[in-house]
Every structure is written in C-alpha cells, then in structure tokens.
Amino acid sequence: MSKNQNADTGAPKPSWTVRHSDADELPKVARVFGQALLITDDIDSMLERMRPLHDAVGYERLLVAVDDREGEEEVIGTANHFPFEMTMPGGRFPVAGVTGVGVWPTHRRQGVLSSLMRRQLADIHADGVRYAALWASEGSIYERFGYGMAFTEVETSVTRPHGALRADAPRDPDLRVVLREPERVRVDLERVHEAVAAQQVGQFRRTEPWWDRLLRDTPAQRGDKAPLAAAVVGGPDGPLGYALYRVRNKWETSGSEGEVHVQEITATTPAAWTALFEHLFSRDLVSKVVFDFLPADCPLHHLLANRDRAVATHQSALWVRLVDLAGALSERPYAAPFEGVLAVTDRYAPWNAGRWRIKADTGGARVELTDEEPHLSLDAAHLGAVHLGRTSLTGFLRAGLITEHTPGTVARLDTALHRFDAPFCGVVF
Ligand SMILES: CC(C)(COP(=O)(O)OP(=O)(O)OC[C@H]1O[C@@H](n2cnc3c(N)ncnc32)[C@H](O)[C@@H]1OP(=O)(O)O)[C@@H](O)C(=O)NCCC(=O)NCCS
C-alpha cells in the first residue's frame, strides 16, 4: 500500500489538510476567495476591505485548507466566521457569521469544502455558540451542511408615476428630513440602526468596522452612480429613520430618466417611514426608485397608493444552522405550547443527531434526548430553516422531504414556531 493511501480503507488520502490561519496569510486567503468568487478587484483592494473586519475580531476563526504536494504549502481552500451578536427569536445571541468560503478551482469536488465545514462547525460548537448563519452564493450548496434557508428579502423597484403614497399615510408636520454626507450624520445612523437591530430578528449588532464598510464610498463602490448620501428624518427627540442612497444620472431623448438606488432604509415610526419615502419619490429628474433590500413586511408595500405596481423580487437571505440544537430550541420562545419527539439527522454535527423530546411554551422549551418513538423525522437543516419563524415545516412535508409519524405534529410545531414579523439582515457578509 502506498503512503498516499488510507491504511484502513485503501482509499486515496487527500493531498491537503485543514488548519487555522493568521493575519500574515490573509493575502493567500484573498487570492483563493477572489478566484473562487470571480472577484474582479485586485488582491490589494480586497485586502483593504477585508483587513479592518478581521483585525477587529482577530484571526483565530480563519480556516484554510493547504496542499503540500509540491513540497511547499499552497492555500487551496478558505472559510471564516465573524463572531456576531444577532437578534434571534429569543433575544440577542452569539451567532457565527460564516463567510469567506472558497476552494481553488483545480481542487474543487474533492471534499475540501466538506472538511472545512466539518472543522468549522466543531470549532463553533466548542466555543459554545449555538447558531451559524450565512449568505449562500448558490442555494444547492449548504443544506447538506445543516443550513436551512430561513427567509427572503425583497428588492423593490417603483417607477415614478407609481411612487405616490396613500392619502392617509401617517404624516407628522414636526418631522424634518435632512440630506447629508453619511459620515456627517453617522451618529444618527448608528443610533437609529441600533434601536431597530435590537428588535429585528436577523440583524447583527453593527460595530464600527461594519459601519466603515457600509459607508465606504470609493469609485469602485459607486460604479456609475453618485456618492453615497444619507437622508435622515428626525423630530424634536432626535433621529427616527434614515435612507442611504445613490442617484444615477440618465438622459434619454424623451428627457431625464434618473434613478435613486437605496442601499438601506429603516425607521422607528410610521410617520418617519412616510417622510423618507416621500423624500425619495419626490426627487426631481428621477423616474425610478430601487430599494436593494427590504424586509418582506416593509411598510412601503402598504403605504404605496398603487401597491401592485411596485416590482418586488424575493431573494434568498440568511441560511441558518442550529449548531447546538438543544440549546437553540430551549432558548427560543414559542407562540403556542408544543410537546413531541423529533428524530433528527445531522451529518456534520453528530452531537445534534438523535431523538429529542421537546416540551415548549411561550417562555422557552425543555429539550432532552429520549428513546421514545418519534412523532416527526427531519434533518437539522429543516430546523435551521424554520427557527426564525418565517418558513414553515408544512412546505417540507408537502414536498415529501420530512416524515410525519403522528398526523398533526407539523401543524402544531409550525404554530408554535411562528412569528409575525419578517426577519431581515440587509448586509451581505
Ligand atoms: C462551492 C465550493 C466552495 C465547493 O467546494 P468543494 O471543495 O468543491 O466542495 P466538496 O468537494 O467538499 O463538495 C461537498 C458537497 O457539495 C457539493 N457541491 C459542491 N459545490 C457545489 C455547487 N456549487 N453546487 C451544488 N453542489 C455543490 C458536492 O457535490 C458535494 O456533495 P456530496 O456531499 O453530496 O458529495 C467551491 O466549488 C467554490 O469555491 N465555488 C465558488 C465559490 C463559492 O461559491 N463559494 C461559496 C460562497 S457562499
């Protein structure tokens, strides 16, 4: 048997190993990630963006796969996660924000990602973090690793004649909108965002490096649009909402066809939402307003006089993974009592696999391993998909992807897990 074969099975040994990385290796990590994700920026520009986010939290979560066949180590795979504090159904909790996943093209489909994912999940679990979340480049990759697509966000485009709001939209004459360079009103933006993010499931606490990234305004960021602008709405007690946007100048033979592209909009009162929408829809020379990301239950959809003329495109947002299934299910409140036994499979986090007896109520749940017969069989990825209360198990049942042993279990569990507000993240990390 050759040294390149596994002594027990005779199967070829992988030519690479997974290990932790460090700050010095970031250029090699950027090289792999850039090539894998087809990023057109040069490595220096990528590093300029990546370094502050990594420096702020350290490099101990950065994983690499290295191939040393040529006698010298070559980084051929990467995965990272940021230690977010994210609003979840039970409150603000640590969540691993998985990112930076890429495999060098010549090493794809050999199990590199699988090894990175296995190691990463073990690390997250060892750190006592109960959840992981990510934005997926392709929806077919992450379910096998136990991630479930938890909610969508809505790109919405409204052309000028349809931007009128309902006559009875809430308006407050004491509110005033100012338009400023974002850095000048950064304190206001941070204050409003923190108030919203603390309540809105899916949002992570935005630290200074993330604000820096969001407000970055280089020519590459702008493309063919104008510098980033911030419209802040406020009243006597301070700021109540803001919109970060860029305008695009566009002339046709028929006249101006300018556009407003809203990167982020949020507010804490109905009248503040109205004031921001009226500001955006009343810009001169503009024929279209595009909102990159809105929550599925954004007030815009109710405030437009002609709401069916807004073009809304749902895009998959966060994929959620219960890294510690029992811990995650126990610290979540439930909309209705539920009692039952779930048989759970989990290929990449075996500590979650087994039969779990759940006794849940509005305050949380008791979750224990049991030998009892299950009422429902499903995978950890299904529980990740439904944890934020927006996706239902009924859909998986109808698709034949989960097995109900006791009729009515799925309906009861869906009722217990349901939340009325739409989750929202808004920042691709
Ligand atoms: C996606 C990517 C990371 C996969 O890496 P890889 O090392 O080839 O993956 P593995 O060999 O470990 O494959 C793991 C499993 O995922 C499947 N898979 C891998 N890439 C896939 C893809 N793009 N679409 C669907 N399935 C995929 C494999 O078939 C395999 O399935 P199995 O578990 O049923 O055998 C790699 O192809 C890549 O870097 N792609 C471009 C960048 C990217 O999309 N990164 C993800 C950013 S969110």
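How much area do domain 1 and domain 2 bury between them, and what share of it lies on carbon and sulfur atoms? In this predicted model, local features need pLDDT of at least 70 and side-chain atom pairs count only at pLDDT 80 or more, whereas totals for chains, interfaces and linings use all residues. Residues are numbered from 1 along each chain as its sequence is written, and side-chain values use heavy atoms, with hydrogens and water left out.

The chain is divided into domain 1 (16–129), domain 2 (153–316) and domain 3 (324–417), with bounds that come from an automatic or database domain assignment. The centres of domain 1 and domain 2, taken over C-alpha atoms, are separated by 32 Å, and the contact (heavy atoms within 4.5 Å) takes 13 residues from domain 1 and 15 residues from domain 2. Together these two domains bury about 1,200 Å², 60% of it on carbon and sulfur atoms, where buried area is the accessible area (1.4 Å probe) that two parts lose on being put together, summed over both. Of the area that domain 1 buries against domain 2, L53, T87 and R92 supply 46%, more than any other three residues.

The interface of domain 1 and domain 2 holds 3 salt bridges, each defined by a side-chain nitrogen of Lys or Arg within 4 Å of a carboxyl oxygen of Asp or Glu. R92 forms a salt bridge with E194, the closest N and O atoms being 2.7 Å apart.

Helix 2 (residues 43–57) and helix 5 (residues 208–215) pack at an angle of about 170 degrees, with their axes 9 Å apart; axes are lines fitted to C-alpha atoms, for helices over the stretch in contact, and angles run from 0 to 180 degrees between N-to-C directions. The two helices (DSSP runs of H or I, at least four residues, numbered from the N terminus) are therefore roughly antiparallel to each other, a term for angles over 145 degrees. In this packing, P52, L53 and A56 in helix 2 meet P209, W210 and R213 in helix 5.

Conventions: Angles under 35 degrees count as roughly parallel, over 145 as roughly antiparallel, 65 to 115 as roughly perpendicular and the rest as oblique.
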